[in-house]
Amino acid sequence: MQEALKLARLGLGRTSPNPPVGALLVRDGRIVSRGYHASAGKPHAEIVAIGEAEGKTRGADLFVTLEPCAHQGRTPPCTRQIIEAGISRVVAAVEDPNPRVKGRGFEELRRAGIQVESGLLAEEGERLIEAYARFITTGRPFVVAKWASSVDGKIATRSGDSRYISGAESQEFSHRLRNELDAILVGLGTVRTDNPQLTCRMDGGRNPLRVVLDGKANIDHNSNIAGSAKEVPTLIAVTEDADQEKVEGLFRLGMDVVRLPGVDGWVDLPSLLEELGRRGVMSLLVEGGSRTLGSFFDAGLVDKVLVHVAPLIFGGEEALVAVGGHGVESITRALRIEELELLRLGEDILISGYLKKD
């Protein structure tokens, strides 16, 4: 199952709106084939493993990270081909949270006389599909808030200098994350201040969809994002009263533009997440800036937090803090992070965890 989970991770960022899945076949105590779901529309992991087994499927054990599907989608049901292959036992990490599948795949396999077991390395299996689970049950993407800060919680000095707070190892981690998540989002302020590219700069990596919150369609046409919009998928989220001539100018530069309801001049975030969900975006990385991060936290839309803490102290009352917005009035109302984990990345410390949901 550990090998199956490793295989599944190869599909992260490439399978949406399907989940990443890994599978392998074992016969007489030996692995005879491996497979993973490479992208939506391509064969599922189980089918790839069956095809690679070269006829050695009868009486074999199938280890798979997620319950096999029993419904017709872009591809035929996996359960049917598992039964036809003569597989004797299926061991899965987790049940599929998709209401169309949930438990049905296991039941169909059992009716065919196949031994079914689930729950092996379940925690790892659930982590693997956390974005898919959020998406398939709510229609919205799984939201990861990420930032790099000094020890005293600042994301820029009092002069606005923010490059580069984190070290090389943290930056490498960030590019791996962009490779694995579907979309990355920043506010217009970040575009103006940092002029980021928001691309994945790692060998063999893929660029996520770039999303910019820009209520009035004021993004600089000479920015890195605008200049590369014809090469890298880019979505500008504007409010309904954004100037149409400006919007048409963004289209001409190669950007996609979506009009959404506005709240005090800002794009309504729940509406944005619903729109991204309709576009098949399962996971969203929110990288800033301070006001944008604060807005996501204030709206209760963050699922997971990743914070790179560098061994630096900026000080300064005017230095920008990581999370702006309204915040909370009392400690008892503070947002709490659960399942906390710490990871050393060079000189930096990566703090990760999940927002406690009421």
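Contact here means heavy atoms within 4.5 Å, and helices (H or I, at least four residues) and strands (E, at least two) are DSSP runs numbered from the N terminus. With those terms in hand, welcome to a predicted model, in which local features need pLDDT of at least 70, side-chain atom pairs count only at pLDDT 80 or more, and totals for chains, interfaces and linings use all residues. Residues are numbered from 1 along each chain as its sequence is written, and side-chain values use heavy atoms, with hydrogens and water left out.

**The chain as a whole**

- The protein chain holds 12 helices and 16 strands. Its radius of gyration (taken over C-alpha atoms) is 22 Å, close to the 21 Å that the globule rule gives for 358 residues, so the chain is as compact as a globular protein of that length. The globule rule is 2.2 Å times the number of residues to the power 0.38.
- Along its principal axes, the C-alpha trace spans about 65 × 45 × 40 Å.
- Buried residues (under 20% relative accessible area, with exposed meaning over 50% and partly exposed in between; 1.4 Å probe, protein chains only) make up 51% of the 358 in the protein chain.
- Among contacts between residues at least 6 apart in sequence, 71% join residues at least 24 apart.
- The protein chain exposes about 17,500 Å², and carbon and sulfur atoms supply 47% of that area. Accessible areas come from the Shrake-Rupley method with a 1.4 Å probe, and for residues only the protein chains shown count as cover.
- The side chains include 44 positive and 50 negative ones, and the centres of the two sets lie 3 Å apart. Lys and Arg count as positive and Asp and Glu as negative, while His and the chain ends are not counted; each charge is placed at NZ of Lys, CZ of Arg, CG of Asp or CD of Glu.

- Helix 6 (residues 130–138) has Glu130, Ala131, Tyr132 and Phe135 as buried residues. The buried residues of helix 6 pack against helices 5 and 11 (269–278), together with strand 6, strand 13 (283–288), strand 14 (304–309) and strand 16 (348–355).
- After helix 6 comes Gly139, with a positive phi near 80°.
- Helix 12 (residues 290–298) is largely enclosed by the rest of the structure, because 7 of its 9 residues are buried. Those buried residues are Ser290, Thr292, Leu293, Gly294, Ser295, Phe296 and Phe297.
- Helix 12 is followed by Gly300, where phi is again positive, near 65°.

**Backbone geometry to look at**

- Most residues other than glycine have a negative phi, and most peptide bonds are trans.
- Ser16 and Pro17 are joined by a cis peptide bond with omega of about 5°. Pro17 sits in the loop between helix 1 (2–8) and strand 1 (22–27).
- Another cis peptide bond runs from Arg163 to Tyr164, with omega near -15°. You will find Tyr164 in the loop between strand 6 (142–149) and helix 7 (168–180).
- Glu54, a residue other than glycine, has a positive phi near 55°. This residue lies in the loop between helix 2 (45–52) and strand 3 (61–66), and Glu54 counts as exposed because its relative accessibility is 70%.
- Leu121 also has a positive phi near 55°. Its place is the loop between strand 5 (115–118) and helix 5 (122–128), and Leu121 is partly exposed, with a relative accessible area of 25%.

**Residues and their partners**

- Arg89, in strand 4, makes a side-chain polar contact of 3.0 Å with Asp61 and one of 3.1 Å with Glu117. A polar contact is a pair of N or O atoms within 3.5 Å; within protein, one must be able to donate a hydrogen and the other to accept it, and residues adjacent in sequence count only if both atoms are side-chain atoms.
- Leaving aside neighbours within four places in sequence, the residues in contact with Arg89 include Ala60, Leu62, Phe63, Ile114 and Gln115.
- Pro99 is in the loop between strand 4 (89–94) and helix 4 (104–111) and counts as exposed at 63% relative accessibility.
- Lys246 belongs to helix 10 (residues 244–252) and is partly exposed, at 37% relative accessible area. Not counting residues up to four places away in sequence, Lys246 touches Lys216, Ala217 and Asn218.
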